[in-house]
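Here's a quick briefing to read with the structure open beside you.

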Amino acid sequence: MNTLIALIAAAGTYATVLMFGTMGEIITEKSGNLNLGVEGIMYMGGILGLVAANRYEALVGEAASNGFVAIIVAILGAFLAGAVAGLIFSFITVTLRANQNVTGLALATFGTGVAKFIGEVMRNKLGGYVSVSNHLKEAFSLKFMPKFLKDIPVIGPILFNQVHFFYIGIIFAVLLTLFLNKTKAGLYLKAVGESPVTADAAGINITLYKYLATIIGGGVSAIGGMVFTMTTAGCVWIEASLSGIGWLSVALVIFCTWKPMNSLWGSLLFGSLMIMYLWLIVPGFPTEIYKILPYIVTLTVLIITSIRNSKEKQPPASLGVNYFREDR
Amino acid sequence: MSEASRTPLIRLAKRDAMDPRKAMAIRIGSIFLALILGSIPIMLTGANPFKAYGVIVAGSLSKPIYLKQTIKIAIPLLVCSLAIAPCFKMKFWNIGAEGQVTFGAICASYFAIHLGGKVPSPVILLIMAVAAAVGGGLWGFLPGFFKARYNTNETLFTLMMNYIALGIVNWLQGGPWEGRKGTQIVPFFHKSTYLPQIFGVQCGWIIALVLVVIMHIYMTKTKHGYEVAVIGDSLNTARYAGMNVKWIMMRTMILSGAICGIAGFLILAGDNHTINNALSGGVGFTAITVSWLSQLNAFIMIAISALLAIITKGSKTLNQRLGVPSSVADIVSGILLFCMLGCEFFINYRIVFRKKSDKEVNA
């Protein structure tokens, strides 16, 4: 039991990365755009968040640098990178009407390429490696909750002994759920994803919604990549370690059945599965199998929901299909 | 409000058919645009883009040894692109080529490890090829079955299957098939499992070219190819015509997976000679873009996979000569794909500006 609690608590940071990656993709997919470039987007967020923090520190000097400002700068840097990637995707699929699957895969190639390239160029320029000073590193992985909360049995280590991005993620999930279900813009967005023909007839600007959702969604996913480099990877750029997180986020979107609140526990579960090989060693049971469990679980969810054909657990009806008004 | 003011300033109209020469000019233009955009990251590193592109071309084609390496990269890319074509024709978005390649390679490796050196070379190669095709076919059949039976989203299904196959390789590499304990490396297979070379390159290139012709005939001249095309255009028409849509879907996915499996076999027996998690190296994903950009035409796939292979191989030389990071290959490939995807719009649509005369007529 204690091992399990410790495992889930430790998975929190990994889960935060997935949470942002997933919520970004949920926003995108709600508009009917299936952006398979999340892998590339999270890579770009990962490097640009780090570079932004690093440049900020170089600009004001190590002594004057402030942890809070550095976090904001890193979030903005990552968000911008993801937003640009989302813009490229929207331009090619919405305006130029290219196939979404293919464009997404091209974006995945492009994004990882850009990130690796920037990483290498920065490394050469700065000599050695790109990072930030120790007090900023601490600021990024600070677990700020008071000690008496952390000491509560069971829920203390899981809920209160986490980095601040974890809580930002939870707040964002709540806001996103409210936005999608309670605001006019949110309902319009869902209408665009479910039936663009109807939404268009109702006078909703399809192009605008698709663009905005994809750009904002890309930005949010990219923050996930930034959280990874700044916490799990310890503010150092290790390009191989980010690999696969974007695809896992795409899987998690399915697992959550496109609901932001589900992504909270879903990402904790996936995060636990991803680090379980370090914690739970059963003799004779290969630890590598743990790492494919998230995909098997997702596949099972996908199959079960399609067999049961339950209305509220389906992907947005127009997911992956471009909308041409003239084709009606 | 008058009628004319409601006509938008710019509107789009579908073109009937563009002059093929003009369409070709647009496509070539988009490649040039991509090369210009791609020179931005090259310039950022302080290198001269003209020189850099020169190095890429020279570094992939100028010497027989470079050319051989380029062809080696192009072979699996071409084979996978061919495999994906019938699925995409059917509008079945199989993005699981990566997993089908990997699982095919796993099945072939099983026989290479257990039978290597015990039976004559042609026999073991044949067994491996068949095993790879069966393995890949199985990996393609599963999403095909669920799509046909329960309408399960195939894009997401095939995507998951990629990572399951990769996870199995990771397990085999560090577990049952591991050579020396702790190395995470499967030892090289017995020499009898190596594909023979023709003109100094593994004979996979002949297999690939033969597959190009076969796939072209399959897609354009056979009943199967016709059925696939009808399903892609209109599912209801296909059903109305009495086609067994479910079976055709599964059949096409088995075929596609089997060819991907063959690609896995070619990488394994022609180049890698062992199995590891870098075996497919994204070829299944790149092949999707190749297939789509070729408009599912088997012969154009040769050109586009060659182009991407040149960029991949050439950028390695570029890294050695000018110190430009080899990740520039991914950036240039990405931009190239964006431009080529985007340019189809200008071939399929016409941009019509509001004419003055319209106003007068309607006013």
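A helix axis here is a line fitted to C-alpha atoms over the stretch in contact, and angles run from 0 to 180 degrees between N-to-C directions. Keep in mind that this is a predicted model. With that in hand, start with chain A, where helix α1 (residues 2-30) and helix α13 (residues 260-279) pack at an angle of about 130 degrees, their axes 5 Å apart.

**Helix pair in chain A**

- As for handedness, α1(A) and α13(A) cross in a right-handed way.
- Sort the residues of the α1(A)–α13(A) contact by class and you get 19 nonpolar, 7 polar and no charged.

- Does the length of helix α8 (residues 164-182) of chain A fit, or what should its 19 residues span? At 1.5 Å a residue they should span 27 Å, and the end C-alpha atoms are 27 Å apart, so the two agree.
- Several residues of α8(A) are buried, among them the run A:His164, A:Phe165, A:Phe166 and A:Tyr167. Further along α8(A), the buried list also includes A:Gly169, A:Ala173, A:Leu176, A:Thr177 and A:Leu180.
- Helix α12 (residues 245-255) of chain A has 11 of its 11 residues buried, so the rest of the structure largely encloses it.
- If you want to click through the buried residues of α12(A), they include A:Ile245, A:Trp247, A:Leu248, A:Val250 and A:Phe255, along with A:Gly246 and A:Ser249.
- After α12(A) comes A:Thr257, which has a positive phi, near 45 degrees.

**Helix pairs in chain B**

- Helix α9 (residues 223-233) and helix α11 (residues 245-272) of chain B have axes that come within 11 Å and cross at roughly 110 degrees. That makes α9(B) roughly perpendicular to α11(B).
- The way α9(B) passes α11(B) is a left-handed crossing.
- On the α9(B) side, B:His224, B:Glu227, B:Val228 and B:Ile231 make the contact, and on the α11(B) side the partners are B:Val245, B:Ile248, B:Arg251 and B:Thr252.
- By class, this contact of α9(B) with α11(B) has 4 nonpolar, 2 polar and 2 charged residues.
- Next, helix α5 (residues 97-115) of chain B packs with α7(B) at an angle of about 30 degrees, and their axes are 7 Å apart. The crossing of α5(B) and α7(B) is left-handed.
- From α5(B), the contact uses B:Ala97, B:Glu98, B:Gly99, B:Thr102, B:Phe103 and B:Ile106. From α7(B), it uses B:Met161, B:Asn162, B:Ala165, B:Leu166, B:Ile168, B:Val169 and B:Leu172.
- Those α5(B)–α7(B) contact residues divide into 9 nonpolar, 3 polar and 1 charged.

- B:Ile168 sits in helix α7 (residues 154-174) of chain B. Its relative accessible area is 17%, so B:Ile168 is buried, the cut-off being under 20%.
- Which residues does B:Ile168 touch, not counting those up to four places away in sequence? They are B:Phe103, B:Ile106 and B:Trp139, plus A:Ile292 from chain A.
- B:Ile168 and B:Asn277 are 109 residues apart along the chain, with their C-alpha atoms separated by 9.1 Å.
- B:Thr317 belongs to helix α13 (residues 298-322) of chain B, and at a relative accessible area of 2% B:Thr317 is buried. Not counting residues up to four places away in sequence, B:Thr317 touches B:Val55 and B:Gly59.
- Leaving aside neighbours within four places in sequence, B:Phe141 is in contact with B:Met250, B:Met253 and B:Ile254. B:Phe141 and B:His224 are 83 residues apart in sequence and 17 Å apart in space, C-alpha to C-alpha.
- B:Thr183 lies in the loop between α7 and β2 (197-198) of chain B, and its 25% relative accessibility makes B:Thr183 partly exposed.
- From B:Thr183 to B:Ala278 is 95 residues along the chain, and their C-alpha atoms are separated by 15 Å.

Notes
Residues numbered from 1 in each chain as written. Chains lettered and ligands numbered in written order. Predicted model: local features only at pLDDT ≥ 70, side-chain atom pairs only at ≥ 80, totals over all residues. Heavy atoms only, no water. Helix = DSSP H or I, 4+ residues; strand = E, 2+ residues; numbered from the N terminus. Expected span 1.5 Å × (residues − 1). Buried < 20%, exposed > 50% of the residue type's maximum accessible area, 1.4 Å probe, protein only. Parallel < 35°, antiparallel > 145°, perpendicular 65-115°, else oblique. Left-handed = near helix turned anticlockwise from the far one by under 90°. Contact = heavy atoms within 4.5 Å. Nonpolar A, V, L, I, M, F, W, Y, C, P; charged D, E, K, R; others polar.
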